[in-house]
2 protein chains.
Amino acid sequence: MALGKDYATQECSLASALEVVGERWTLLVIRDALYGVRRYNDFLVHLGIPRAVLSARLRTLTEEGILEKRRYQDSPPRDEYVVTERGIELWPALRALAVWGREHFTERRLRYFRHVDCGTELGSYGECPACGTVVPAADVLLTPGPGLDPDPADPVSRALLKPKRLLEPLETDHA
Amino acid sequence: MALGKDYATQECSLASALEVVGERWTLLVIRDALYGVRRYNDFLVHLGIPRAVLSARLRTLTEEGILEKRRYQDSPPRDEYVVTERGIELWPALRALAVWGREHFTERRLRYFRHVDCGTELGSYGECPACGTVVPAADVLLTPGPGLDPDPADPVSRALLKPKRLLEPLETDHA
DNA sequence: CACCGTTGGTTCGTTCATTGAACCTGCGAG
DNA sequence: CTCGCAGGTTCAATGAACGAACCAACGGTG
């Protein structure tokens, strides 16, 4: 998107945002990163995305400061991608889009977003109805819903069967 | 997006939403519709989008119930596209994305979103800090910012120099 | 009546992005 | 020495976007 014909003439901050995160797969990569996915292979399997596209997205997201590439072991050299503050700030937008999608295009309930302090499900603009405060991404508890049907071959969807906080690294059993 | 390789295996309401509004240009078309743009030619000029793509997007948005095609004159037959309730419910997501884009990728201030009742600029999750309520799309006043540099050949950007409420039809002087 | 302009499109050849399969690399384990 | 794993790159084929040209229904003007 950034090359060739872009949204540059738009005079609009929404267009600026879409320049960065508007390409196919990009928002799903960020969603997974917020869910705690960090490794190339976990993104690959969970998203079912072509490798070339995943590499391209991870590169531009790193360049734009939304993910950070971090060496987690030498020998063999292995990197992981961790979401930055700038990426975390996309949480309200992602949540709002997800809520809209659920209300209009999903029949079964797949996941709940709850306030980690009290377990209450978040309201329509991201607040905790019980506590009366807007819940930051780090205090969101992700719990599975009844409609979930995980792929047994996918470590990420298996790990997401347990409740977990956003941003915390996912414990995938790469056995 | 809807055909061939889609996000169908994602088990996620965000993916469902992106199936519908995740294609290139789609969210910008909806933004314009919320701003009050209703006519084919206004979308065309303001977005700078290829005609074939605009036709395709308007068709799928109509099919998905986000826009409604409405005859506004016979002879010659002329239709306009009006945003529906389902489209209006995308406002929180669009606003959140625009706020993120402004904070990270725009230097100049292009537009303000204000509460029409009191003129206060909306807070980061769409609330009015003065009134303490979340402001629905219909009560948002769009006002131009100092960084705006409108294209004189574009009726929409000229019309947006005046403050206007969201959803109200844009008064474009097609002279 | 001939012609022009406006609105709202469709068609079509070129260019660009996405896809999926195959291949490559560094390294540890058996 | 060979296997397997993580994390990639390369490449041919397909599909989507681009932009210019064309079409059509009508109203207005000379």
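Four residue pairs are in polar contact across the interface of domain 1 and domain 2 of chain A, both residues at pLDDT 80 or more. A polar contact is a pair of N or O atoms within 3.5 Å; within protein, one must be able to donate a hydrogen and the other to accept it, and residues adjacent in sequence count only if both atoms are side-chain atoms. The model is predicted: local features need pLDDT of at least 70, side-chain atom pairs need 80 or more, and totals for chains, interfaces and linings use all residues. Residues are numbered from 1 along each chain as written, chains are lettered from A in the order written, and side-chain values use heavy atoms, without hydrogens and water.

**Domains**
- Chain A splits into domain 1 (1-89) and domain 2 (91-167), with bounds from an automatic or database domain assignment.
- Their C-alpha centres lie 21 Å apart.

**Interface**
- Contact (heavy atoms within 4.5 Å) links 15 residues of domain 1 with 17 residues of domain 2.
- The buried area is about 1200 Å², 70% of it from carbon and sulfur atoms.
- Buried area is the accessible area (1.4 Å probe) that two parts lose on being put together, summed over both.
- Leu34(A), Tyr35(A) and His46(A) supply 51% of the area that domain 1 buries against domain 2, more than any other three residues.
- The salt-bridge count between the domains is zero, where a side-chain nitrogen of Lys or Arg must lie within 4 Å of a carboxyl oxygen of Asp or Glu.

**Domain 1 side**
- α2 (26-35), α3 (40-47) and α5 (85-88) of chain A each supply at least two residues of the side touching domain 2.
- Helices are DSSP runs (H or I, at least four residues), numbered from the N terminus.
- α2(A) gives the largest share of that side, five residues.
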